Amino acid sequence: MSDVYNPAQQRVIDLLGRTDERPHIPDGLADELRAEIEEALKPFHPVLPDGKSYETRFTLSKRGLSDVHSCEKYFVDGIGPFEWSTANAKGTIVHKAVEVSINLRHPMPPADLVEEAVSRLANDTSKGISDFLTTLDEFGRAELIGICTATFTRFTENFPPIKRTWIPQVESPIALSLAGGRVRISGKLDIALGKPPDKVILDIKTGGRDHSHTEDLRLYALIDLLSIGHAPRKVASYYIEDSVIDQEDINEASLRSTTRRLRDGLVRAIELKIGKVEPVLRPGNKCRWCLHNNDCQAGLDFMAELAERDGW
Ligand code: SF4
């Protein structure tokens, strides 16, 4: 008997499901793209850490790459210390619940699964979120569990149940080593389904849509191509609250443009870190969270323009 899905789940299957149509990725593309990035990094070998240990590498994440292409001053020193809040804790807890739900042999009610995820994260002192969760009072904890349960329940209602035959990998770290180990591009896949060449990389989003999400996923596709030799067939962001998927096929053109984005961002990030160039200000959405948004004139002008445009 074939599976019966509700319309929201069927939409996901239709958009992400296996198909015989696959973009052609030429043989040798991985070598060519890697060589393009390696060539750009060659002048920096003498000034980069030696890469002999985990600590002595120049590491760039998808967020760092996005930041350096946004505002360079924000990338250098605008981020400030990370602070846990109900909003970012929600993302971590819902991701944990999704991760565990895929491998549970016996389904649990969403509220129980979220409760368990909160307890486990609170007890794991190696996780930054632990302090935040253990210092919440009873009201705050109950409120957080309620918010997370609502989001996770929505996921279970609108996303098709993930079968083991889809070969799911959850919270899977990926990395690309460059310049003889001196440079590492790192990331973590929320969910990957299927095997190459049918693999689909999926990010689960508990917040709103942003164009950077697609760029992040293209970077993951490139990392897969350069590290394991196969690009995924498709990448997608699934927005739980809107029950919407933004997806795109991975093809030669997107891999080439992502290579240029990574190459240029890496070169710029290294130049900024070693103080070879002055950061270029590029006001934009990052201004909202930037440490300099009280004294940076470009940022102040942008925020004023935004306030006028939004009518606030
Ligand atoms: S306020 Fe905006 S323009 Fe200024 S440094 Fe921060 S992100 Fe850049």
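Reader: Before we start, what pLDDT do side-chain atom pairs need to count?

Author: Happy to explain: residues are numbered from 1 along each chain as its sequence is written, and side-chain values use heavy atoms, with hydrogens and water left out. This is a predicted model in which totals for chains, interfaces and linings use all residues, local features need pLDDT of at least 70, and side-chain atom pairs count only at pLDDT 80 or more.

Reader: Which domains does the protein have, and how far apart do their C-alpha centres lie?

Author: The domain bounds come from an automatic or database domain assignment. That assignment gives domain 1 (24–80 + 166–273) and domain 2 (86–164). The C-alpha centres of domain 1 and domain 2 are separated by 27 Å.

Reader: How much area is buried between domain 1 and domain 2?

Author: The contact (heavy atoms within 4.5 Å) takes 16 residues from domain 1 and 18 residues from domain 2. Buried area is the accessible area (1.4 Å probe) that two parts lose on being put together, summed over both. Carbon and sulfur atoms give 70% of a total of about 1,600 Å².

Reader: Which three residues supply 37% of the area that domain 1 buries against domain 2?

Author: Helices (H or I, at least four residues) and strands (E, at least two) are DSSP runs, numbered from the N terminus. Across this interface the rule finds nine residue pairs in polar contact, both at pLDDT 80 or more; such a contact is a pair of N or O atoms within 3.5 Å, where within protein one must be able to donate a hydrogen and the other to accept it, and residues adjacent in sequence count only if both atoms are side-chain atoms. On the side of domain 1 that touches domain 2, strand 2, strand 3 and strand 4 (200–205) each give two or more residues. As for the 37%, more than any other three residues supply, it comes from W166, T206 and I240.

Reader: Is D224 buried or exposed?

Author: D224 is found in helix 9 (residues 211–228). Setting aside residues up to four places away in sequence, D224 touches I174, K199, I201, G229, H230 and P232. With 3% relative accessibility, D224 counts as buried.

Reader: How many salt bridges does the structure hold?

Author: A salt bridge is a side-chain nitrogen of Lys or Arg within 4 Å of a carboxyl oxygen of Asp or Glu. One example joins K90 and E241, whose side chains meet at 2.5 Å, N to O. The structure holds 26.

Reader: How many residues apart in sequence are the parts that D67 and K286 tie together?

Author: D67 and K286 form a salt bridge, with their closest N and O atoms 3.0 Å apart. D67 counts as buried at 2% relative accessibility, whereas K286 is partly exposed at 23%. D67 lies in helix 3 and K286 in the loop between helix 10 and helix 11 (297–310), so the parts tied together are apart in sequence by 219 residues.

Reader: Which residue forms a salt bridge with E72, the closest N and O atoms being 2.7 Å apart?

Author: E72 has its place in helix 4 (residues 72–77) and is buried, with a relative accessible area of 1%. The side chain of E72 also makes a polar contact with the side chain of R282 (3.5 Å). The salt-bridge partner at 2.7 Å is R268.

Definitions and conventions:
Buried means under 20% relative accessible area, exposed over 50%, partly exposed in between (1.4 Å probe, protein chains only).
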